[in-house]
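Me: I have a model open and would like to go through the terms used for it, one by one. Could you show me what stands behind each of them?

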Amino acid sequence: MAKKKKQSSNALEVQNAAKTLFANIRFMSPDDPIKSIVVTSSVPNEGKSTCSVELARAIATSGKTALLVEADMRRRTLAGMLNVRPAAGAYSVLTDATPLGAAIATTTTPNLYFLDIEPNIPNPADILSSKRYRKLVGLLEDTYDYVVFDTPPVGTFVDAAILSTMVDGTVMVVKPNSTKRAELVDAYGQLKKADANVLGICATFCEGTGSEYYYAYYTSSGERVKAGEAASASSGHAALPDSRPARSAGHGSAAGRSASGARGSGRAASSQAANRAGYAGQADAAGRARR
Ligand SMILES: Nc1ncnc2c1ncn2[C@@H]1O[C@H](COP(=O)(O)OP(=O)(O)OP(=O)(O)O)[C@@H](O)[C@H]1O
Ligand SMILES: [Mg+2]
C-alpha cells in the first residue's frame, strides 16, 4: 500500500517536472517557437522514452496538439508505454504503402497523437538521413503544434545527431550520479558537431526528493535556496524562480553551460561499443516480446 502511494507520488512528480520542462522550452524562444524536439541521452536507460512520453503528455494537456514519434528504431518502446497498437508506422508512410493519416494513432490523452515505426528496420541511420524522412518531419511540424521524437542514445548510435539537424531543438536527458562526465561531454560534442540546437539537459530519476525540491530555486551564484530560506538569502544575488539557472528534472537548463564546462576526453569511446552491443541485444528481446 505504502509502495503504491510512493509510486503514484513519483509519477506525479515526473508529470509536474514534464510540465516545467515544457514551460521552459516555450519560454526559451517566445518569438520563434520551438515546435519540434528530439529527446536523447548519452548512454542507454537514462529515461529518454519516459521523458518523451511525459513531455508530449504535458504539451497535450496544455491544450496544444502533440505528436510523439518513435524514432528509436533500435529499441521501440513507445507503443507499449502508450498502450496503443497502430496498424502501420513511419516506414510504410515513407514507402507510400500507407497514407500518413492512417498511420497516426490516437491515444487515451486528448490532443496526444503517436507515429510508430515498424520493427526490425535494418538501416535506421539511412532511413533518417533520407530526403523522404526530412520531408516527413517538415509535414509533421506543419500539422501539429509540437512534435517530439524519442531517439536512441547519441553516444551509442548516430541517429539522434542526424535527426537533431532537422528539428528546432534537442533535449539531453541525464541520469545524475550514473552518467559519466566524459560520456555526457562526448555526446554533447557529437550533437554540437552535427550543428544541433541543444536546448538543455533534463535530469531524470530525481523523484522522491520531496515536493520542497520543486519549491527551491538557485541563486545567481548557483546556490540552492529553499522557499523557507528565501528571506535569509540576503546576499542580494537571489534570482527569481523564473530566471533561475535550471538544474533538475523538468528544468530545461543551459546544457551548453553544463556540458561545455566539463572536459571531454574521448574516454567514453570504449564503453560505446559495449553499449551498442547491449542495446541491440535488448532490442531483439523486446522485439520478440512484442511479436
Ligand atoms: N524519472 C524517472 N524516475 C524513475 N524511473 C524512471 C525515470 N525515467 C525512466 N525510469 C525508468 O527507467 C527505465 C528506463 O526508462 P526509459 O525506457 O524511459 O529509458 P530510455 O533512456 O528510453 O532507455 P533506452 O536507452 O533503452 O531507450 C524504465 O523502467 C523507466 O520506468
Ligand atoms: Mg528509450
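This is a predicted model: local features need pLDDT of at least 70, side-chain atom pairs count only at pLDDT 80 or more; totals for chains, interfaces and linings use all residues.

Me: What makes strand E2 and strand E5 a pair, and in which sense do they run?

Reply: Two strands count as paired from at least two bridges. Strand E2 (residues 66–70) and strand E5 (residues 146–150) have 5 bridges between them, in the parallel sense, so by that cut-off they are a pair. One of the bridges joins Ala 66 to Tyr 146 in E5.

Me: Where do these two strands sit in the sheet, and why is it that E3 and E7 stand at the edges?

Reply: The order is E3-E4-E2-E5-E1-E6-E7, an open sheet of 7 strands with mixed pairing. E3 (105–106) and E7 (198–203) each have a single partner strand, so one side of each lacks a neighbour in the sheet.

Me: What does H2 touch when it packs on the sheet?

Reply: Helix H2 touches E1 (36–41), E2, E4 (112–115), E5, E6 (169–174) and E7.

Me: Why is Ile 37 called buried?

Reply: The cut-off is 20 or more other C-beta atoms within 10 Å. Ile 37, which lies in strand E1, has 26, so the residue is buried. Leaving aside neighbours within four places in sequence, its contacts include Ile 25, Val 148 and Val 171. Leu 68 is 31 residues away in sequence, and the two C-alpha atoms are 9.8 Å apart.

Me: Which residues have the most contacts inside the largest nonpolar core?

Reply: They are Leu 55, Ala 66, Leu 68 and Val 148, in a core of 63 residues. H2 gives the most to this core, with 7 residues. Beyond four places in sequence, Leu 68 touches several residues, among them Ser 52, Leu 78, Phe 114 and Val 148.

Me: And what surrounds ligand 1?

Reply: There are 16 residues around ligand 1, the closest being Pro 44, Gly 47, Lys 48, Ser 49 and Thr 50. By class, the shell has 4 nonpolar, 7 polar and 5 charged residues. Helix H2 (residues 48–61) gives the most to this shell, with 3 residues.

Note on methods: Residues are numbered from 1 along each chain as its sequence is written. Chains are lettered from A and ligands numbered from 1 in the order in which they are written. A residue is near a molecule or strand if its C-beta atom, placed from the backbone, lies within 6 Å of it. Helices (H or I, at least four residues) and strands (E, at least two) are DSSP runs, numbered from the N terminus. Ala, Val, Leu, Ile, Met, Phe, Trp, Tyr, Cys and Pro count as nonpolar, Asp, Glu, Lys and Arg as charged, and the others, Gly among them, as polar. A nonpolar core is a set of buried Ala, Val, Leu, Ile, Met, Phe, Trp, Tyr and Cys residues joined through C-beta atoms within 7 Å. A residue is buried if 20 or more other C-beta atoms lie within 10 Å of its own, exposed if 12 or fewer, and partly exposed in between; C-beta atoms are placed from the backbone. Two residues are in contact if their C-beta atoms, placed from the backbone, lie within 7 Å. Axes are lines fitted to C-alpha atoms, for helices over the stretch in contact, and angles run from 0 to 180 degrees between N-to-C directions.
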